[in-house]
Amino acid sequence: MIVLRDVAKRFGDHQALDGVSVTVPSHTTHVLLGGSGSGKSTLLRLVLGLMDADAGEVTVDGVPVTAATRGEIQRRIGYVVQEGALYPHLSTRDNVALPARARGWPAAAIDARVGELARIVDFRRPLLDRYPAELSGGQRQRVSLMRALVLDPPVLLLDEPLGALDPITRTELQGELVRMFRELHKTVLLVTHDVREAFVFGATITLLEAGRVVQQGTFGDLARRPATPLVTEFLKAQAPPPAMAEYF
Amino acid sequence: MRRVRLVVVLAAGLLLVAAAAAAQGPVVRVGSKSFTESYILAELIAQVVEQAGEARVERKFGLGGTGIVYTALAGGELDVYPEYTGTIARAILKDAGVTTLAAIRARMAERGLAVGEPLGFDNAYALAVSRRTAARLGLRALSDLRGHRELTAAFDPGFLDRDDGWPGLRRHYGLDFRDVRIMEHALAYRALASGRVDVITAFTTDGQLAREAVTVLADDRQFFPDYAAVLLARRALVERLPRTWAALERRLAGRLDNATMAHLNAEVDLDGRSFAAVAASFLGAAGGARAGGGERRAALLHELPALTLQHLVLVGVSLAVAVALGVPLGILAARRRRLGQVELMGVGVLQTIPALALLSFMIPLFGIGPVPALVALCLYALLPIVRNTYAGLVSLDPQLVDMAAVIGLDGWKRLGWVELPLASVTILAGIKTAAVLTVGTATLAAFIGGGGYGTLIVTGLALNDATTILAGAVPAALMALVVHALFEALDRLAVPRGLRIRARPPR
């Protein structure tokens, strides 16, 4: 379970987060939805302990995120970012193995785990010996996901994981991720600006705007009982124009 | 434990080397400055010492100026070199009032140094005119120039502003010329011969004076200080090797008058003979066979392999040490940003010190020879290495750095597995820059006796001989190209394959 209570974070004059509370129950997927500058990536970085909150409290499975617990917290979290953040000097296999190697796993165990993950995320094994520069965007995100899963952490944090992909690959991966999160029983916090993606993934959604929570609930709650006109405006902005809907 | 054993082995090795050196008996280290006359005199000293048979000779020629060569003698790095009484008084004792040889001897004795008997010639400033002009105007001495305002003079740059140069001379004799211009010494004789100028500065032992239709005007009212050539030696040499010292005094003192010295200078400067051959024929050892211009060039070619090796060692060792120091310093600077700024400023300041000045600062600390040159070259090579290591590390993609933390890579693992490989292209570029720079800068090592290709460049500058300069400069340039190519090849080995692949369309 991930809990943020009244969290605030300021960068100079810019209030990135202002009194934000979010709860993600174990084994569920929660989506942070918002435009750029809404504070959603900052929130993930606070959960990871990459920076400290100015006020409020962040806990992961009951453990408060502090300088002292950072290592333990990070051990419980798999992290995926938009461009994948794969290491260009390492082969796919070595990228995936890196977290296990950092913790001193024996080589045989690492090999077995990498093979298993390739099956789970449907990644062709010959590609394991390629370098990131030799993979497509979709393949890179699969590798990034494998690396996030290699230690089998209970929590996954994904920051616009499909944001850099073409529409077809994105839709294909969306379906696979939803299935995987369910089968693997992960606690997932996913950041996106894409309303469709929020709809596909989100059991629950937090809509952020300028560092504040505008509304929390299911997609239905947001669509039918918008807390402010802004919610409707945000959802509608990404809906296909009515004239286009006729074609589907 | 293993480290202790290594130290013991190294110490034993050093002792062996020292013992081997000691077994070869006493050594006399002969120095010279970097102009023709000093080279010839030093070669004369070296050959006399060798013939005396008491000691081996080490030649440390072409040192860059009085400051360097005197500091080396005073510091025990040299045993003897040729000097001039005027220079001892003005540049070493810094007291123009010390004029007599006895007074100079007394003052130098306080410093543990001995001054030999004068060699017989005086290398002083003088003014010279063409023989034609002298005849036409009846010029014999400097006072004859008074009233000849119509003459054009060309003086070398040093002469124009030294107090014992033109300003003093002009007052002393009441001289005035219509046109006084600055001209390099080497060009002045040609300008005089072509009639473009009428009066030039000369040194009283210039080789040209022995060959050309030039008249030196006598210093009839004793303006110019005495620049009598003498041997300047450590007292220890005189006491330890009395037979050698006696041989030097017997065979050189009083044997070289102005005309003889000018003649020897001419043989090197104008005939292209080598210092060693000119010295040998003077001493009567080589039977006086004159070999002409090819002799010095042949000698140069003969030296080239040894100089190449010396140059490679200078570059290789200083670069290796600079990498061993610079990469960790760059890492430290990237980790501790505030300390890093101080550090980068420090290595930046090192870079702004002119190379020759940096080299001369090393002499009081490390003496002369390859060691101070290595230290100076290493300091010079630091900047590009430290700066590029720092720049490579601080400009890494922040997402990749964050990811390393999240993945659980800490401290050394993060550095070794992720950060250094990612920064490797930038770091190697810095090392490459340092290597190519060092090949060039190492040519200056010759000024403090460090050897290498610079030896030829320094000699060539002294002789005003382009061939000799090129014999050093061209191989140095070639070495820079080879080093560059080697590093290009090293890039393939040291930069991870994944960083060398360009993104290509996936299949």
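Trainee: How many residues does the contact take from chain B and from chain A?

Mentor: Two residues are in contact if their C-beta atoms, placed from the backbone, lie within 7 Å. Here chain B gives 22 residues and chain A gives 23. This is a predicted model: local features need pLDDT of at least 70, side-chain atom pairs count only at pLDDT 80 or more, and totals for chains, interfaces and linings use all residues. Residues are numbered from 1 along each chain as its sequence is written, and chains are lettered from A and ligands numbered from 1 in the order in which they are written.

Trainee: Which element gives the largest share of chain B's side?

Mentor: Helices are DSSP runs (H or I, at least four residues), numbered from the N terminus. On chain B, α19(B) leads with 7 residues. Elements giving two or more residues there are α19 (398–407), α20 (411–441) and α23 (497–500) of chain B.

Trainee: How does that side of chain B divide by class?

Mentor: Ala, Val, Leu, Ile, Met, Phe, Trp, Tyr, Cys and Pro count as nonpolar; Asp, Glu, Lys and Arg as charged; the others, Gly among them, as polar. The side of chain B that touches chain A has 14 nonpolar, 3 polar and 5 charged residues.

Trainee: Which domains make up chain B?

Mentor: Domain bounds come from an automatic or database domain assignment. Chain B has domain 1 (23–122 + 227–288), domain 2 (125–216) and domain 3 (298–498).
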